[in-house]
Amino acid sequence: MSKPVQKKPMTKSQRAAIRKKKQRRKMLLIIVEILVLLLLALALFVVTKLSRIDKDVSFDHSNIEVNEGLSSESQEIMKEYTTIALFGLDNRSNGRLSNGRSDVIMIASINNNTHEVKLVSVYRDTYLDIGGSTFKKCNAAYSSGGPEAAINMLNTNLDLHITDYVTVDFNAVVECVDLLGGVEVTVTDEEAILMYGYMDEINKLTKNNSQYLPGAGTYNMDGVQACSYARIRYTTGDDYKRTERQRTVLAAMVAKAQKSDLITINSLINTVFGDIQTSFSNADLIALAAQVFDYSLGETTGFPFEKNTITLGSKGSVVVPCDLESNVKQLHVFLYGDEDYEPTATVKSNSAKIINDTGFHQGEGY
């Protein structure tokens, strides 16, 4: 019978090494626990902040319409982008974001690979099908059927696949600009004078006391001034120029926000998020917010590219795409770089209807 093997007693150095190993493991566990707690705290902070945004619980994604007949190639190209509808309401009472006049209608196209954002302002008086083969000024879609109808108007007339939206009123712009410490904008003498009436109205509604600009120049505008500038319509270029001003102010706000410190960002979230309504879930918003400082604002433009104006009886003065089909082709090149896009039967039918109603054909715009 063999003798049992006797283990040699550990040396002092070996026992010390084992104790150090156990201590390292314990320390590692503590660090992991701290990191988990920090991540949970951060997640709770983010969700708490996002809860300030008005989630549109009545919004039904199943009601969103998308044209059939778009080529598989164009569909694949569009999947490389996140396309969002942005609406700005000209409401005289704050907090009503489910209906009202959508004086601002924008399409934001985010390249999911480069994070470049392109913006297109759709002129609010553009003569389009707002639903049910009813052709009139496109901003009537939001006032008659809310954001679902407005998104469907964009999708069916422009061959887009938008499923979500963000809506603000002008109070959000005023608060945001003020919290950012103002935005730098250059104005003409004519613009400075035309801002007076808008400033009087916005000062009264927001209980501010913003001062008139003395004349032409470059100014660090406060919220009331910036919002008033963005609302000017009665200059050369009319609504076309106004949408350009809106994009100028938005671009200045984005640039300023990306350079702001965490205290300012926190103040923005606490104050402005209450003036926003969206169809996005918290998870969607977190995914978008995770890349917010990587986003870069690229080109901006207005739609339609080739246009004309005409007065159509009770429908008033409308902006006419010349023609819709060719304009939508240009739009897909601008938003997605899709040179081979071909309009669907719906876009072609709407284009023919607009030509019939207005008499304007391709090549008769400016």
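## Negative surface patch

E73, E339, D340 and E342 gather on the surface as a patch of negative charge. Patches are built from residues with over 30% relative accessible area and no salt bridge, with like charges joined within 9 Å and nonpolar side chains (Val, Leu, Ile, Met, Phe, Trp, Tyr) within 5 Å. Lys and Arg count as positive, Asp and Glu as negative; His and the chain ends are not counted. Each charge is placed at NZ of Lys, CZ of Arg, CG of Asp or CD of Glu.

Helices are DSSP runs (H or I, at least four residues), numbered from the N terminus. E342 counts as partly exposed because its relative accessibility is 45%. Buried means under 20% relative accessible area, exposed means over 50%, and partly exposed lies in between (1.4 Å probe, protein chains only). Accessible areas come from the Shrake-Rupley method.

## Basis of the model

This is a predicted model: local features need pLDDT of at least 70, side-chain atom pairs count only at pLDDT 80 or more, and totals for chains, interfaces and linings use all residues. Residues are numbered from 1 along each chain as its sequence is written, and side-chain values use heavy atoms, with hydrogens and water left out.

The whole structure holds nine salt bridges. A salt bridge is a side-chain nitrogen of Lys or Arg within 4 Å of a carboxyl oxygen of Asp or Glu.

E191 and R245 form one of them, with the closest N and O atoms 2.9 Å apart. E191 lies in helix α5 (residues 189-206) and R245 in helix α7 (residues 238-258), so the pair ties together parts that are 54 residues apart in sequence. Both ends are buried: E191 has 5% relative accessibility, and R245 has a relative accessible area of 1%.

K241 is partly exposed at 27% relative accessibility. E244 is partly exposed too, with a relative accessible area of 38%.

## A linked network

Shared partners join the salt bridges of R124, D125, K137 and R233 into one network. Within it, R124 pairs with D125, and the closest N and O atoms are 3.9 Å apart. R124 is buried, with a relative accessible area of 12%. D125 is buried as well, with a relative accessible area of 8%.

Definitions and conventions: Areas by Shrake-Rupley, 256 points an atom, 1.4 Å probe, with all protein chains shown as cover. Helix = DSSP H or I, 4+ residues; strand = E, 2+ residues; numbered from the N terminus.
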